[in-house]
Each structure stands twice: as structure tokens, then as C-alpha cells.
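Subject: Model handover

Hi,

Here is the model we talked about. Please have it open while you read my notes below.

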Amino acid sequence: MNFKSFNPPERTLLGPGPSNISPRVLSAIARPTIGHLDPEFLHMMDEIKSLLQYAFQTTNEFTMAISAPGSAGMEACFINLVEPGEKVVVCSNGVFGGRMVENVERCGGIAVVVEDDWGKAVSPAKLEEALQQNQDTKFVAFVHAETSTGALSDAEALCKIAKTHNCLTIVDTVTSLGGVPVKIDEWGVDAAYSGSQKCLSCVPGLSPITFSPAAVDKIKNRKTKAQSWFLDQSLVMSYWSGEGKRSYHHTAPVNSLYALHESLVMLHEETLEKSWERHQEQHQNLANGLASLGLEFVVPENERLPQLNTIMIPDGVDDAAVRRYLLEKYSMELGAGLGKFAGKAWRIGLMGYSAQYKNVVLCLAALKDAIENAK
Ligand SMILES: *Cc1c(COP(=O)(O)O)cnc(C)c1O
């Protein structure tokens with residue numbers, strides 16, 4: 001066997017993540033590896049914490065990145081907070097809400113599921129009703145930006161309802177962070193997790209998380225140990241917080257964290273407000289172009305995510321053939337439909353570094369060509 005270096009093709013990534021990564025972030029990951037307890041590295045980790053506090057709009061002391069993808073961030077929130085027998089209302093309107101239910105059950109918690117239609121935002125009225133019927137609920141969990149459908153829920157309204165019922169809130173911000181406003185403190189989010197490879201446009205494999213002081217208290221007062229050693233945040237707290245007192249828990253993914261640092265510096269330079277505006281503007285450009293191609297969105301206009309556009313595949317058009325054509329002719333990746341939308345919809349991501357006008361123009365032209373000519 002003759003093995004050679006792997007040289008991936010250059011792709012335009014317009015799917016549900018990973019998004020394209022800027023050359024700045026890619027060059028950061030190639031810098032020399034140093035020890036994860038090296039004082040220079042620890043200083044960078046402190047900066048990542050501050051930059052994540054900015055991205056999440058929080059002063060939460062417990063703000064860091066889990067050394068694993070968004071799914072591990074999700075799991076970390078549930079297994080640290082939810083104890084056996086505790087009730088969690090999960091608002092579910094897509095694939096990732098379904099995974100939250102699975103997580104609650106694996107923690108021995110009781111999941112009360114509030115279902116909303118796929119492609120719609122979570123209904124605050126239904127949440128209110130569920131909480132009135134379940135007065136012993138400890139947590140409310142929902143996905144802010146449902147990547148399987150492209151729906152954006154009103155996190156502020158949902159958290160407000162949860163707070164009037166004295167519940168802690170667990171919010172999935174994997175696709176929302178950096179792309180649309182996420183205001184952890186202002187909205188009263190107690191635990192949030194995100195992902196590095198969506199609107200942050202960093203390498204996949206890291207999950208920013210943040211816990212409010214109330215969530216940290218809940219973790220510290222657990223009656224039983226969390227069932228995962230690796231994700232037990234009470235063990236990691238001493239590595240991330242407490243300057244000078246860092247101790248070994250696991251080897252941090254040193255170079256990936258260089259990349260996260262660089263992507264967060266870029267977000268800070270651009271500012272959150274400008275990043276949200278950029279995503280909105282490119283979404284609008286895409287939506288205008290899709291309308292002139294006669295393509296229709298799955299999600300009603302006022303509930304759409306700018307960074308993830310789900311559109312119906314027109315009758316008679318071959319889903320797989322179109323995506324293959326785009327990949328072969330344009331080196332462009334669009335997302336396939338997920339779950340109930342498999343084979344019925346495409347998901348066009350305009351996340352982070354991918355959210356550029358030139359990509360919108362290329363996508364519209366390529367899609368028109370593919371729909372007409374792909375076989
Ligand atoms: C991508 C995604 C996840 C999972 O993140 P991974 O990094 O793929 O593990 C969770 N929730 C939402 C809403 C996502 O879009």
C-alpha cells in the first residue's frame with residue numbers, strides 16, 4: 001500500500017456546519033504545540049474565557065469550552081444539572097429537541113415533552129400550559145436555533161416563563177451563537193452550550209458552555225455524582241477557573257483551542273452586532289434570490305434563522321442528484337434534509353465565515369444550474 005498525505009478539496013460549505021474557516025483560524029491551528037499547563041497557554045485560556053463571556057453576553061464565571069463537539073456540550077449540561085427523579089419540560093420542534101429528551105431520560109430525569117411542529121418556533125403558550133400542569137418542574141430546556149428545520153425560537157420569552165415558575169433554563173445555542181443575538185444574562189439562561197464549527201467558524205470538536213451562579217450551585221449541591229467522569233464539570237472547574245491553581249484533568253486540545261481563540265478574536269474585532277447584521281443581510285440576499293427562482297422556505301418569515309435556510313425541494317427535482325452536481329461542478333456543499341425533512345428539503349447554511357455575499361451569488365447561480373441540469 002502506498003499511503004500519501006491527505007489533501008482535501010477546497011469546498012464552499014453552505015450546509016448546517018462545519019462552515020468555512022478563515023485562513024487566520026487555519027493558520028492559528030498550525031502554530032507550535034505547547035504544554036497545556038504552560039503559563040503562556042493558561043494565559044490564552046483566560047482570554048478564551050473572556051472572549052466567550054463576550055460572545056455569550058454573560059458575566060458567568062463558569063464559561064469555558066468542553067473538549068468535544070456540541071453534542072458533548074449538550075450532554076454536559078444535562079448530566080451535571082439533572083438528578084434522578086427531577087422533572088424537565090423539554091420544548092421539542094426538531095431533531096435536537098428530541099436529543100434533549102433522550103439526555104433527560106438517560107440522567108434518570110422525567111421528561112415532559114412539549115411538541116411543536118417541525119419548521120415552527122417553540123410556542124411560549126404551550127410552555128406556560130405545561131408548567132401550570134407540572135408545578136414540580138425543575139428545568140425548562142429548548143433549542144434556540146433548530147438546525148434541523150431552520151426555526152428560531154424566542155429564547156427571551158421562553159426563559160421569562162420558566163423563571164416565573166422557578167425553573168432553571170437549559171438552552172441549545174449551537175447554531176445561534178454569533179449568528180443571531182444570544183443574551184445569556186439578560187434573558188436568564190442558566191446553562192447554555194454551543195459548537196465551534198457553526199457561526200464561530202472554527203474547527204469542529206469544541207463546545208463553548210456557560211453556567212449561571214444558580215446552575216453552579218445546583219451542581220455543587222448534587223446528592224449523587226454525575227454519571228460521566230469526563231463531563232463532570234465539578235472536576236473541570238479547578239482547571240478553568242482559579243488563576244495559578246490549574247491542575248490536570250485531561251489534556252486540553254491545545255491547537256484546536258488556538259483556533260477557537262483566533263475565531264473569537266475575529267468575532268470580537270467585527271463585534272457581535274455587526275456579525276448579527278451580516279448574517280441577516282446575507283440571508284435577505286439569499287431569500288430574494290430564492291424567491292426569484294420560485295423556491296419556497298419551510299419556515300414562516302418571522303421565525304426564520306438567517307444562518308440556516310430550509311427550502312422545499314421542488315416537485316420532480318432529484319435531491320441527491322442536485323447535491324452531487326453541486327459538489328462535483330461547484331465544489332459546494334448544501335445540507336440535506338434531516339429527520340422528517342429527509343429528501344423533502346435542502347438546508348442552506350450561511351454561517352460565520354461562509355456568510356459572505358460572494359457565496360450567496362455563487363449559491364443562487366449554482367442552484368439554478370443544478371435544478372435545470374442535474375440528472
Ligand atoms: C450541530 C448541532 C448540535 C450538535 O453539535 P455537534 O458539534 O455536531 O456535536 C447540537 N444542537 C444543534 C442545534 C446543532 O445544530
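Strand β2 (residues 62-66) and strand β10 (residues 207-211) run antiparallel and are joined by five bridges. Strands here are DSSP runs of E with at least two residues, helices are runs of H or I with at least four, and both are numbered from the N terminus. Two strands count as paired if DSSP finds at least two bridges between them.

A word on the basis. This is a predicted model, in which local features need pLDDT of at least 70 and side-chain atom pairs count only at pLDDT 80 or more, while totals for chains, interfaces and linings use all residues. Residues are numbered from 1 along each chain as its sequence is written, and side-chain values use heavy atoms, with hydrogens and water left out.

Methionine 64 faces isoleucine 209 of β10. Five of the five β2 residues are buried, so the strand is largely enclosed by the rest of the structure. Buried means under 20% relative accessible area, exposed over 50%, and partly exposed in between (1.4 Å probe, protein chains only).

β2 belongs to an open sheet of seven strands. The order is β2-β10-β9-β8-β5-β3-β4, with mixed pairing. β2 and β4 (110-115) are the edge strands, and each pairs on one side only. From one strand to the next, the twist averages 15°. Axes are lines fitted to C-alpha atoms, for helices over the stretch in contact, and angles run from 0 to 180 degrees between N-to-C directions.

Elsewhere in this sheet, β3 (residues 87-92) and β5 (residues 137-143) are parallel, with five bridges. Valine 90 has alanine 141 of β5 as its bridge partner. Two helices pack on the sheet. Helix α3 (residues 70-81) touches β2, β5, β8 (168-172), β9 (191-193) and β10, and its direction makes about 160° with that of β9. Helix α4 (residues 95-106) touches β3, β4, β5, β8 and β9, at about 165° to the direction of β3. Contact means heavy atoms within 4.5 Å.

The four-stranded sheet

There is also an open sheet of four strands, in the order β1-β12-β13-β11, again with mixed pairing. β1 (12-14) and β11 (308-312) each have a single partner strand, so one side of each is left without a neighbour in the sheet. Neighbouring strands are turned by 30° against each other on average, direction ignored. β11 and β13 (residues 345-349) run antiparallel over five bridges. Methionine 312 is partnered by alanine 345 in β13. Helix α13 (residues 357-373) lies across β1, β11, β12 (332-336) and β13, at about 75° to β12.

Helix packing

How do α2 and α10 cross? The axes of α2 (residues 39-56) and α10 (residues 254-270) come within 9 Å and cross at roughly 45°. They are therefore oblique to each other (under 35 degrees is roughly parallel, over 145 roughly antiparallel, 65 to 115 roughly perpendicular, the rest oblique). The residues that meet include Phe41 and Met44 in α2, and Val254 and Leu257 in α10. By class, the contact has 15 nonpolar, two polar and one charged residues (Ala, Val, Leu, Ile, Met, Phe, Trp, Tyr, Cys and Pro are nonpolar; Asp, Glu, Lys and Arg charged; the others, Gly among them, polar).

One last residue. Alanine 28 sits in helix α1 (residues 23-29). At 0% relative accessibility, alanine 28 counts as buried. Beyond its neighbours within four places in sequence, alanine 28 contacts Tyr258, Ala259 and Glu262.

Best wishes
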